[in-house]
Amino acid sequence: APVTFWHVIVADYLTSMAKAFSDLQLTACLSPGILAHYGDYYATEHAGYTRSTALWEEHHAACASSRANAVMLALPFWW
């Protein structure tokens, strides 16, 4: 069967939704680690700034390789 304009639009939306769902999952996974880091940071009364890239590198690998991330990437395509 030929690919219609409708197929292209649906595929574009589903691809965009997969990225958005993955971003939501990564945010939900990364946030507790980052907030816990800041809690420890301020509890010890250090002054200064922690770069977000350092926090990202510390917490991203565990979140990106989780099964939850795989499910969130696949979820839009299961309809």
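Visitor: What makes the meeting of the Lys-19 and Asp-23 side chains a salt bridge?

Guide: The distance does: the N to O separation is 2.9 Å, and a salt bridge asks for a side-chain nitrogen of Lys or Arg within 4 Å of a carboxyl oxygen of Asp or Glu. So the pair qualifies. Side chains of opposite charge can pair when their charged atoms come close. Bear in mind that this is a predicted model, where local features need pLDDT of at least 70, side-chain atom pairs count only at pLDDT 80 or more, and totals for chains, interfaces and linings use all residues. Residues are numbered from 1 along each chain as its sequence is written, and side-chain values use heavy atoms, with hydrogens and water left out.

Visitor: Where do Lys-19 and Asp-23 lie?

Guide: Both are in helix H1, 4 residues apart, about one turn of the helix. Helices here are DSSP runs of H or I with at least four residues, strands are runs of E with at least two, and both are numbered from the N terminus. By that count the protein chain has 3 helices and 0 strands, in the order α-α-α.

Visitor: Why does Asp-23 count as partly exposed?

Guide: Its relative accessible area is 32%. Buried means under 20%, exposed means over 50%, and partly exposed is what falls in between (1.4 Å probe, protein chains only). Asp-23 therefore lands in the middle class. Across the 79 residues of the protein chain, 19% count as buried.

Visitor: How do you know that a disulfide joins Cys-29 to Cys-63?

Guide: Check the sulfurs: they sit 2.1 Å apart, and a disulfide is a pair of cysteine sulfur atoms within 2.5 Å. So the pair passes. The link ties distant parts of the chain, with Cys-29 in helix H1 and Cys-63 in helix H2 (residues 52–64), 34 residues apart. A search of the whole structure turns up 1 disulfide, and the angle of -80 degrees about its S-S bond makes the link of Cys-29 and Cys-63 left-handed.

Visitor: Why is Cys-63 called buried, and why is Cys-29 called partly exposed?

Guide: Cys-63 has 3% relative accessibility, so it counts as buried. Cys-29 comes in at 30%, so it counts as partly exposed.

Visitor: What makes Asn-69 buried, and which residues does it touch?

Guide: Asn-69, in helix H3, has 7% relative accessibility and therefore counts as buried. Contact means heavy atoms within 4.5 Å. Not counting residues up to four places away in sequence, Asn-69 touches Ser-22, Gln-25, Leu-26, Cys-63 and Ala-64.

Visitor: Why does Ile-34 count as partly exposed?

Guide: Ile-34 has 23% relative accessibility, so it goes in the partly exposed class. Ile-34 lies in helix H1 (residues 5–43) and touches Leu-55 and His-59, leaving aside residues up to four places away in sequence.

Visitor: What makes the nonpolar surface patch?

Guide: Val-71, Leu-75 and Trp-78 do, with about 310 Å². Patches use residues with over 30% relative accessible area and no salt bridge; nonpolar side chains (Val, Leu, Ile, Met, Phe, Trp, Tyr) are joined within 5 Å, like charges within 9 Å. Val-71 has 38% relative accessibility, so its value is over the patch cut-off. Areas come from the Shrake-Rupley method with a 1.4 Å probe, and for residues only the protein chains shown count as cover.
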